[in-house]
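Biologist: Could you take me through this model step by step, with the cut-offs behind each term?

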Amino acid sequence: LLGRAVAGGVALGAGPVLLGAAERARAAAPGPKEIHLTYGADPTREMTVSWTAPANAHKPRLRFAPAAARTAGDEHAVDSVSIVDRDPRVPKGRWEETVVHHAELRRLEPDTDYVYELMADGMRVRRGTFRTAPAGRAHLHFTAFGDQGTGDGRDTLGAPQGAWIVDQVERRRPLFHLHLGDLAYANLNAAGTRNAGWNRFMANNSRSAAKRPWMPILGNHEIEAGMDQHGYEATLGRLRLPGHNWYAFDAGSVRIICTDAEDWALQKGGDVFLRGYSGGAQLRWLDQELASARQRPHVDWVVLAVHHPVVSSANLNGADLGVRQALMPLLARHDVDFVLAGHDHNYERSFQLGAAEAGSPTLRPEVVDRSLESLDATKGWVHLVLGGGGQKLPTQSYDAEPEQPGEQGRVFDQPGQLLGDGREDVTWVARRDEAHPYGFAEFEVVPGAKRGDMTELRMTYFRLGHGRAGKPVAVDRLTLRRKRG
Ligand SMILES: [Fe+2]
């Protein structure tokens, strides 16, 4: 049945024509919600399925099997996490709880379709599918954006674009989606509505995240007052990351390295100021991760995801000297292809960049090459701000046209402030979408056929179309090339 359901696509939701009383009761029962997939440490063999069950459902469980196996598979253990929203503005007796169930599926086969079923007593069964990542070099594509919100106007920064973008990303059928932080913005919600905001965020994204992994990095708005785990409890309880608050994984020949910039940022952009909270552990990990990334078999590309931009000319946040102090020495020492950021709510692409300019008080990265379409990846790193995920606060405003004298970007240079007052001349801007704030990037890997071939990592930036059925429009493209390792 499962195999046929997958082969038939639309048959997944279909039931028998004649139902007995027990089946009718089951069909009428509420189903699981907020289903979300994340990779384990090895995306070729590990997937975590996370969901919430209706309040009166008991014994939540999951079973899964390869789609081609024509068996329902065995039931898998579930680890349930209680998240109590201890919002300090709300009396303790009115704190809301959400219980999230996680099933960590391991020892899967690479590049294989699986069917899963979420079950509980008193809950309608929900079937879903996912595909594991390919092992080794493969043609694949993935998407990225940050700064989304819930897509729902009941939430402080919720705007419809945060819902539209889910459907438009899903129609691209990426292998996975990389979420660059500032997820739900629930910390900005009114007292007593943070938990509901989180649930709306999860429900909105599940239209895609139930079918393919959405891999989040942490942003400043994930830090919530009153919550454990440095304020990240609501995020980490709902979204199971493959590692610590920072982690890395392979997607074919791409090493994706995900960081938590709050450890380094001078800006206080969340409810709690976290600068230095890892005691240097994250930076030591990152240095080792960058040093070893290209020694991994099959890795040709290194993508670093960091919520705070290293360069940004937008008139909201801008760059952060603390983040540059952490990252610039590593970007000078290691061979990184893309740095992907959010935090400013717009699209901005840099020229190829290198080490910090000698004598620059803001550690501004030097421009090493101004090619726009076809770039030799070994020359430097390209920085993208991809913060147009759909929140209600677009920031595509700049002081002047790029390359005109006098345009300045902001740099945070004082700790603990909300808005920065440092300034530097803008030198890095290659492209911006000045007409429109919302959109997402798609990355396509063209692996080449054999050792010594050129391999390509192509980036297309899509401006968001209007409405959930809207068509995204490609407004910027570039291709990085390097020799296959
Ligand atoms: Fe942010």
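This is a predicted model: local features need pLDDT of at least 70, side-chain atom pairs count only at pLDDT 80 or more; totals for chains, interfaces and linings use all residues.

Biologist: Which residues coordinate the iron ion, and at what distances?

Modeller: Donors are N, O and S atoms within 2.8 Å of the metal (3.2 Å for Na, K and Ca), and since water is not among the atoms, sites may look incomplete. Along the chain the donors of the iron ion follow the spacing D-x37-N-x86-H-x35-H. The coordinating residues are Asp 182 (OD), Asn 220 (OD1), His 307 (NE2) and His 343 (ND1), at 2.0 to 2.2 Å.

Biologist: What geometry does the site of the iron ion have?

Modeller: Four donors count as tetrahedral if all angles lie between 85 and 135 degrees; four count as square planar and six as octahedral if opposite donors are over 155 degrees apart and all others between 65 and 115; anything else is irregular. The 4 donor atoms of the iron ion give angles of 88 to 162°, and the site is irregular.

Biologist: How many residues apart in sequence are the parts that Asn 220 and His 343 tie together?

Modeller: Helices (H or I, at least four residues) and strands (E, at least two) are DSSP runs numbered from the N terminus. Asn 220 lies in the loop between strand S11 (214-216) and helix H5 (233-238), and His 343 in the loop between strand S16 (338-341) and strand S17 (347-356), so the pair ties together parts that are 123 residues apart in sequence.

Biologist: Which strands stand at the edges of the open sheet of 7 strands?

Modeller: Two strands pair if DSSP finds at least two bridges between them, and in this open sheet of 7 strands the order is S11-S10-S9-S24-S25-S26-S19, with mixed pairing. Each edge strand has a single partner strand, so one side of each is left without a neighbour in the sheet; the two are S11 and strand S19 (374-376).

Biologist: Which residue in S11 stands opposite Leu 178?

Modeller: S10 and S11 run parallel and are joined by 3 bridges. Opposite Leu 178, the residue in S11 is Met 215.

Biologist: At about what angle to S24 does H3 run?

Modeller: Helix H3 (residues 161-170) is mostly covered, with 10 of its 10 residues buried. These residues pack, by contact (heavy atoms within 4.5 Å), against elements including strand S9 (140-145), strand S10 (177-179) and helix H4 (194-209). With axes taken as lines fitted to C-alpha atoms, for helices over the stretch in contact, and angles running from 0 to 180 degrees between N-to-C directions, H3 lies across S9, S10, S11 and S24 and runs relative to S24 at about 20°.

Biologist: Which side chain makes a polar contact with that of Tyr 185?

Modeller: Tyr 185 is placed in the loop between S10 and H4, is buried at 1% relative accessibility, and has a phi near 55°, a positive value in a residue other than glycine. A polar contact is a pair of N or O atoms within 3.5 Å; within protein, one must be able to donate a hydrogen and the other to accept it, and residues adjacent in sequence count only if both atoms are side-chain atoms. At 3.3 Å, the side chain joined to Tyr 185 is that of His 345.

Biologist: What is the phi of Asp 147 near?

Modeller: Asp 147 is found in the loop between S9 and H3, and Asp 147 is buried, with a relative accessible area of 0%. Not counting residues up to four places away in sequence, Tyr 185 touches Asp 147, among others. The phi of Asp 147 is positive, in a residue other than glycine, and near 60°.

How values were computed
Residues are numbered from 1 along each chain as its sequence is written. Side-chain values use heavy atoms; hydrogens and water are left out. Buried means under 20% relative accessible area, exposed over 50%, partly exposed in between (1.4 Å probe, protein chains only).
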